Amino acid sequence: VQSFDLQSRRIRNGVYLGPVKFFFDGPLRWIEKRNMLQFNFTKVSLALGPELGPWSRNIDDTTGVNWDDIDSEASGETKSKSGSKSNTPPFFTFVHADDKCIAARGRGG
């Protein structure tokens with residue numbers, strides 16, 4: 001199951017099997033011109049039912065993306081923490097969205 005909140009700029013993607021919850025969280029950026037949702041998972045969590053967990057661990061952010069400095073609308077690239085250019089973070093480009101379904105193409109990370 002995937003969910004995202006544009007106001008808090010957060011995304012969650014997870015697998016939920018009965019009481020077991022395994023999910024990833026991180027920041028996102030919406031690019032209106034391209035109908036694109038860029039994201040980066042920075043935390044992984046595990047919970048067992050409503051009583052145990054979640055236990056979380058930060059994931060090493062190896063993309064080097066500075067979410068405050070992204071300028072991918074203009075160039076399709078982002079600057080890494082070292083100032084050199086890197087590939088864009090993972091993203092979904094939405095093809096269709098209504099109140100019942102969403103269709104998107106993406107690039108995994």
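This tour goes from a nonpolar surface patch to the aromatic pairs. The model is predicted.

**Stop 1: the patch.** Select Val15, Leu17, Val20, Phe22, Leu46, Leu48, Leu52 and Trp55. Together these residues make a nonpolar surface patch of about 720 Å². Now colour the strands β2 (10–17), β3 (20–31), β5 (43–48) and β6 (52–58). Each supplies at least two residues of the patch.

**Stop 2: Leu48.** Pick this patch member in strand β5.

**Stop 3: the aromatic pairs.** Switch to the rings. The count comes to seven aromatic pairs. Select Phe4 and Phe94, which form a tilted pair. Their centres are 6.1 Å apart, with 55 degrees between the planes. Phe4 lies in strand β1 (residues 2–5) and Phe94 in strand β9 (residues 91–97), so the pair ties together parts that are 90 residues apart in sequence. Check the cover on each ring's residue. Phe4 is partly exposed, at 34% relative accessible area, whereas Phe94 is buried, at 15%.

Next, select Phe22 and Phe24. This aromatic pair is edge-to-face: 5.3 Å centre to centre, 80 degrees between the planes. Phe22 is partly exposed, with a relative accessible area of 38%. Phe24 also counts as partly exposed, at 27%.

Key: Residues numbered from 1 in each chain as written. Predicted model: local features only at pLDDT ≥ 70, side-chain atom pairs only at ≥ 80, totals over all residues. Heavy atoms only, no water. Patch = residues over 30% accessible without salt bridge, like charges linked within 9 Å, V, L, I, M, F, W, Y side chains within 5 Å. Areas by Shrake-Rupley, 256 points an atom, 1.4 Å probe, with all protein chains shown as cover. Salt bridge = Lys/Arg side-chain N within 4 Å of Asp/Glu carboxyl O. Helix = DSSP H or I, 4+ residues; strand = E, 2+ residues; numbered from the N terminus. Phe/Tyr/Trp six-rings, centres within 6.5 Å; stacked < 30°, edge-to-face > 60°. Buried < 20%, exposed > 50% of the residue type's maximum accessible area, 1.4 Å probe, protein only.
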